Amino acid sequence: MKQNGTDENPVLRDPDVRLMLRAKAGDQSAFTQLVGNYQDRLVGVLAHLLQNKDAAEDLAQEVFLRIYRARHGYEPTAKFATWLFRIANNLASNSRRDSGRRKEVVLSVNDSGPLGPRPGERVIAEKSALMPARQFDQTEMQSVVQAALQTLNEKQRMAVLLHKFEEMSYVDIAAALETSPSAIKSLLSRARDNLREVLEPYVRQGTLGAAEAKQADSAE
Amino acid sequence: MAKLIRLSQVQRDNLVAYLDGELDETVTQEIEQVLAVSEVARHEVDMLSRSWDMLNALPTYRASNEFTERTVTSMRAAEQKGSRIPTELLQRQARRGVVLAVWAAILILCGYVGFAATNRWVPNDSEALLEDYDVINNLDKYSDSLTPADPANPQRPTEFLELLKSKRTFSEHDDHGSK
């Protein structure tokens, strides 16, 4: 037997959707709570996407403002996170288009192919040439993985970030990126293939380093 | 040989979806069968999984301490700015409403004028029938009246017609006939 609205609309079970409905009704503290719930997650994803934390914060603020302005017309048709990241993705795309992305990011992306490897790949290659037979330290590992992430195209990167850090399902990622789940399946497959290709030497090195460390421990 | 067979793109897509737990039961079983026989697939899954785990090394970014405050301040500023918007919006909608109402009135007026003109000037056969409805309806009675009850007295029909003429019952018809 149906007892309330949440039985009819499963989206209403999302506590953030309920907060947004309160914000729609004029409860500003509910919106402040939403900002608190999502600010780190949003800044995190956008910082990885843009490779610039300040730009990520500015964009995250713009995302919240857009949502706040749109609150009067809000209808709960999807999870709140899906809606938020859809807006974030659109704003990030617009922002990059408008401001000339290549000048802003730390690691700009060029075409690979006849012109040579992508900068991300080049950074990895440079590091690889210097790579000692030891396990990476955390900073090296970070820059290698960041560079690997930069070898992905914009959409692949967003899908990877949403899947990895937001633990979103293919269906939710598809809703956020306004495409189909089957397209996301292919997109993520190619993205992970790329990552595997770029990171495989480091995966092997990591294993080797771990094995050497183990050997050294046992020798002691 | 099967151990080293290269995987198709669909199988590769499915391997990733398998790792993500996004496959239905049937396809999951198919992938598990492939993994059971294919060394290439097993290596692939291993590398995909470990390279994915390497993303954990990415730095964690957090919003700065002032982020919430800055955002809330911007929201308030937007709110104040936004409070002017409804008046403008209301005026714009009112103007649009008036224009729509005027157009609707013009349309209704045009319809009415068209209907009236059609009624007034376009000839209608059924109208003539309606005009003569009483006569048609009473035709039998009139016929009976015109038939002499007493064949010996043939004066009566003429008297009746004269009576009708004097009362000008069918004067319009007569006028029409005289034309």
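Which side chain of opposite charge is nearest to Arg157(A), and how far away is it?

1. **Arg157(A).** The nearest side chain of opposite charge is that of Glu154(A), at a distance of 6.0 Å. Arg157(A) has no salt bridge, although the residue is buried. A salt bridge would require a side-chain nitrogen of Lys or Arg within 4 Å of a carboxyl oxygen of Asp or Glu. The side chain of Arg157(A) does, however, reach a backbone atom: the oxygen of Leu152(A), at 3.0 Å. In the secondary structure, Arg157(A) belongs to helix α9 of chain A, which covers residues 154-165.

2. **Chain A as a whole.** Chain A contains eleven helices and zero strands. From the N terminus on, its elements therefore read α-α-α-α-α-α-α-α-α-α-α. The chain has 220 residues, of which 48% count as buried. Among its contacts between residues at least 6 apart in sequence, 61% join residues at least 24 apart.

3. **Chain B as a whole.** Chain B has nine helices and zero strands, and its pattern along the sequence is α-α-α-α-α-α-α-α-α. Of its 179 residues, 20% are buried. For contacts in chain B with a separation of 6 or more, 44% are between residues 24 or more positions apart. Chain B exposes about 13900 Å², with 57% of this area supplied by carbon and sulfur atoms.

4. **Ile31(B).** Is this residue buried or exposed? Ile31(B) counts as buried because its relative accessibility is 4%, and the cut-off for a buried residue is under 20%. Ile31(B) is found in helix α2 of chain B, which comprises residues 25-37. Beyond its neighbours within four places in sequence, Ile31(B) is in contact with Gln11(B), Asn14(B), Leu15(B), Tyr18(B) and Leu23(B). One of these partners, Asn14(B), is 17 residues from Ile31(B) in sequence, while the C-alpha atoms of the pair are 7.3 Å apart in space.

5. **Confidence in chain B.** The mean pLDDT of chain B is 80, and 80% of its residues reach 70 or more. Over residues 174-179 of chain B, pLDDT stays under 50. For this segment the model has zero contacts beyond four places in sequence. Where pLDDT is low, the predicted coordinates should not be read in detail.

Definitions and conventions:
Residues are numbered from 1 along each chain as its sequence is written. Chains are lettered from A and ligands numbered from 1 in the order in which they are written. Side-chain values use heavy atoms; hydrogens and water are left out. pLDDT is the predictor's confidence in each residue, from 0 to 100. Contact means heavy atoms within 4.5 Å. Helices (H or I, at least four residues) and strands (E, at least two) are DSSP runs, numbered from the N terminus. Buried means under 20% relative accessible area, exposed over 50%, partly exposed in between (1.4 Å probe, protein chains only). Lys and Arg count as positive and Asp and Glu as negative; His and the chain ends are not counted. A polar contact is a pair of N or O atoms within 3.5 Å; within protein, one must be able to donate a hydrogen and the other to accept it, and residues adjacent in sequence count only if both atoms are side-chain atoms. Accessible areas come from the Shrake-Rupley method with a 1.4 Å probe; for residues, only the protein chains shown count as cover.
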